[in-house]
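Subject: Structure handover

Hello,

Here is the structure I promised to pass on. My notes on it follow below.

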Amino acid sequence: MARKISFINYKGGVGKTSLIVNTAAALAKLGKRVLLCDFDTQSNASIWLLKLDRWNKINAAGEGAVFSIFEPGTAKLQDLIIRDVVEGKSGERLLPGLDLVPTAFNLVDLESEYTGDPKRPPFQVFCEQLAEVEANYDFILFDCPPNILRASQCAVFSSNEIYVPANPDALSLVGFTLLVEKLQKFHQLSASFRRSAMGAPAQVHGIIFNSIKTGVDIEVPKMRMQLRLNQFKTVKRAAPNAKIFNAQIRDAMVVRRAVALGLPVALVSAEATDAGPSGDNVITDYRRLAAELVQHMPA
Ligand SMILES: Nc1ncnc2c1ncn2[C@@H]1O[C@H](COP(=O)(O)OP(=O)(O)OP(=O)(O)O)[C@@H](O)[C@H]1O
Ligand SMILES: [Mg+2]
């Protein structure tokens, strides 16, 4: 059965998209079958993996993106999946096993103009359609905006695990705290829609520190995060095995550059990956993170 995972924090700009794109790539490189669903109307993960030209066509057409499943009779999720999404210059498939459900700017209409049946909220429509494809995957990853509005609700409702990307600063801690509060509210609101086969509502299973600058000591922000996580575990608002991941992602210019190249960092040429004297670089960080995620099974 696929592990369904949302990366979310109520703090914006902490690296959710960068983490999810590169972790998805690392998992695919491990031979896992991965589906990345983009639920952020900014479309950053979609633009990154499709490159601007391919994404522009979807955005201009208003078809082929995830919003279509919420317009009755227009599209099925399984028809929107772009298989082996990462392509080279001549259309060659560079990363077999990494598929994408893209989004486009029309996803914003889900928040403001959704006129579907109130008895079938978007998160239920999505969850039903996801059920038709999930047997094809080991991991289904959801990139979310920094909120739990309708688009993120689709991700959170379908997920079994939640991971919180964080920077070593006070605002990431505030974002994590707010996230747990909002999750609780959403789980209460959506409880009547859950079927027993879906398992328990998703809780936070891990915190992942991102963009760590060389030589910067992050022990204090890490300790504060650990204390907050412990408090949530005590009151059963975080999973019993929730932890701060040992793997953390260094700050590396190549992460920013990879977006413009339309490639996950693991596929950017070796000389551009900021390898230190030991040859150790940010690709190793993502690889460690993916391996730790594979090991970190829900209790
Ligand atoms: N490890 C890293 N090293 C260097 N830059 C990074 C790293 N991770 C992320 N960034 C940069 O930080 C910025 C924010 O990252 P990203 O877009 O992934 O965050 P986000 O949490 O998805 O943002 P949003 O809340 O807008 O969706 C981007 O410019 C990205 O390139
Ligand atoms: Mg993002």
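Around ligand 1 there are 20 residues, and those that come nearest are Gly12, Gly15, Lys16, Thr17 and Ser18. A residue counts as near if its C-beta atom, placed from the backbone, lies within 6 Å of the molecule. This is a predicted model, in which local features need pLDDT of at least 70 and side-chain atom pairs count only at pLDDT 80 or more, while totals for chains, interfaces and linings use all residues. Residues are numbered from 1 along each chain as its sequence is written, and chains are lettered from A and ligands numbered from 1 in the order in which they are written.

By class, the shell around ligand 1 holds seven nonpolar, nine polar and four charged residues. Here Ala, Val, Leu, Ile, Met, Phe, Trp, Tyr, Cys and Pro count as nonpolar, Asp, Glu, Lys and Arg as charged, and the others, Gly among them, as polar. Two helices, α1 (16-29) and α9 (253-261), each supply at least two residues of this shell. Helices (H or I, at least four residues) and strands (E, at least two) are DSSP runs, numbered from the N terminus.

Is α1 buried or exposed? In α1, 14 of the 14 residues are buried, so this helix is largely enclosed by the rest of the structure. Buried means that 20 or more other C-beta atoms lie within 10 Å of the residue's own; exposed means 12 or fewer, and partly exposed is in between, with C-beta atoms placed from the backbone. Just after α1, Gly31 takes a positive phi of about 95°.

Helix α7 (residues 170-190) has a buried side. Its buried residues are Ser172, Leu173, Gly175, Phe176, Leu179, Val180 and Leu183. They cover an arc of only 150° around the axis, which puts them on the same side of α7; the arc is that of the directions from the helix axis to the C-beta atoms. An α-helix has 3.6 residues a turn, so residues three or four places apart point the same way. On the other side of α7, Ala170, Lys185 and Gln188 are exposed. The buried residues of α7 pack against α6 (150-158), β5 (161-166), β6 (203-209) and α8 (219-234), where contact means C-beta atoms, placed from the backbone, within 7 Å.

As for the whole protein chain, there are 10 helices and seven strands. Of its 299 residues, 46% are buried. The C-alpha trace spans about 55 × 55 × 30 Å along its principal axes.

Regards

Definitions and conventions. Contact = placed C-beta atoms within 7 Å.
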